[in-house]
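Let's walk through this protein model together, helix by helix. Keep the picture open while you read.

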Amino acid sequence: DRCVQFKHAQVSRIFVARLIKNVENEIALHRRLADFFYAGLVSLNLERLGEGAQRWLYKRVITDEQARGLSEVAYHAIKARMMEEMRELLCSLRFIEIRIMFAQLAELLEDYRLALQAFEVLGITDGYHQVSEFYAFVRRNGYNLCLRPSNTFQTAANSPLQTAPAVASRAMLASGSENRVWMQYKNQEQDEVLGSDFDVNAPVLDLCMTPDSRFVGCVTEGSHIFILDTFSGLVTSSFTDFTHE
């Protein structure tokens, strides 16, 4: 064990001395890694998430580079001081959704912390507020997003209108890149709704939507479960007297 530890220490010392011996080399190395992992991320075609067809991710082979790139591309962009690329990634609802799908919430939150720290160290204000609001969005809704990553867009669309995630979600709807139905949460004030309006006549305790937003399931007080069609507003199924464990 001592021999192995000594070997690793020597390799690490050589690597640092030859490749990261100054700030310029370190930044250049992180930039190459960021570009490499970003290329793999682009090949995943994240826009497919907006079609409500996220299951395609599980039907195809995800390469090691793509899987690793999801967790590392933002980190290397931050370390390379690629501020525009960093902002593009961390302010993307698609990027948030897929990282949470792959159980990377903790790493994502750390990326936001490092990004805001980089803004402060470099004295850059452009983009700081936007990244900060996305950080607050992920931190505030992290638990629910982990339970249902496909609700990322829905949650952002129902955020306060002036916040960056809400603005981003409306832009996706306007551009046609998001085809899943936006379902308005009744306990929040909004100006418009693109889905149907329906009433289950009881306070809703929890809800979830299918990946394509075609149906919504909700649990109400009194142990009732309703399955509703988001386009017609009709109840397609209902269940009563169930036990929650």
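Start with a pair of helices: the axes of helix 4 and helix 7 come within 10 Å and cross at roughly 10 degrees. Helices here are DSSP runs of H or I with at least four residues, strands are E runs of at least two, and both are numbered from the N terminus. An axis is a line fitted to C-alpha atoms, for helices over the stretch in contact, and angles run from 0 to 180 degrees between N-to-C directions. Helix 4 and helix 7 are therefore roughly parallel to each other. The cut-offs are these: under 35 degrees is roughly parallel, over 145 roughly antiparallel, 65 to 115 roughly perpendicular, and the rest oblique.

Which residues make the contact (heavy atoms within 4.5 Å)? On helix 4 they are Ser-71, Ala-74, Tyr-75 and Ile-78, and on helix 7 they are Asp-111, Leu-114, Ala-115 and Ala-118. Sorted by class, this contact of helix 4 with helix 7 has six nonpolar residues, one polar and one charged. For the classes, Ala, Val, Leu, Ile, Met, Phe, Trp, Tyr, Cys and Pro count as nonpolar, Asp, Glu, Lys and Arg as charged, and the others, Gly among them, as polar.

Before going on, a word on where all this comes from. This is a predicted model, so local features need a pLDDT of at least 70 and side-chain atom pairs count only at pLDDT 80 or more, while totals for chains, interfaces and linings use all residues. Residues are numbered from 1 along each chain as its sequence is written, and side-chain values use heavy atoms, with hydrogens and water left out.

**A closer look at Asp-111**

Asp-111 sits in helix 7. Is Asp-111 buried or exposed? Its relative accessibility is 3%, so Asp-111 counts as buried. Buried means under 20% relative accessible area, exposed means over 50%, and partly exposed is in between (1.4 Å probe, protein chains only). Leaving out residues up to four places away in sequence, Asp-111 touches Ser-71, Ala-74, Tyr-75, Ile-78, Leu-90 and Arg-99.

**More helix pairs**

Two packed helices are described by the angle between their axes and the distance between the axes. Here are two further pairs:

| Pair | Angle | Axis distance |
|---|---|---|
| Helix 4 (residues 64–79) and helix 6 (residues 93–101) | about 130 degrees | 10 Å |
| Helix 7 and helix 8 | about 165 degrees | 10 Å |

Helix 4 and helix 6 are therefore oblique to each other. On the helix 4 side, Leu-70, Ser-71, Val-73 and Ala-74 make the contact, and on the helix 6 side Phe-95, Ile-98 and Arg-99 do. That contact of helix 4 with helix 6 has five nonpolar residues, one polar and one charged.

Helix 7 and helix 8, on the other hand, are roughly antiparallel, and that follows from their angle. Where they meet, helix 7 brings residues including Leu-105, Tyr-112 and Phe-119, and helix 8 brings residues including Tyr-128, Val-138 and Cys-146. The contact of helix 7 with helix 8 divides into 13 nonpolar, two polar and three charged residues.

**Three loop residues**

Gly-127 lies in the loop between helix 7 (105–122) and helix 8 (128–147). With 13% relative accessibility, Gly-127 counts as buried. Apart from residues up to four places away in sequence, Gly-127 touches Arg-87 and Phe-119.

Most residues other than glycine have a negative phi. Now look at Arg-81, in the loop between helix 4 and helix 5 (83–90): its phi is near 60 degrees, a positive value. At 45% relative accessibility, Arg-81 counts as partly exposed. Ala-103, in the loop between helix 6 and helix 7, also has a positive phi, near 55 degrees. Ala-103 is exposed, with a relative accessible area of 65%.

**The whole chain**

How many helices and strands does the protein chain have? There are 10 helices and four strands. Buried residues make up 40% of the 245 residues.

Finally, how confident is the prediction? pLDDT is the predictor's confidence in each residue, from 0 to 100. The protein chain averages 78, and 72% of the residues score at least 70. Among the elements, helix 7 has the highest mean pLDDT (93) and helix 3 (residues 56–59) the lowest (56). Over residues 189–196, pLDDT stays under 50.

Notes
Contact = heavy atoms within 4.5 Å.
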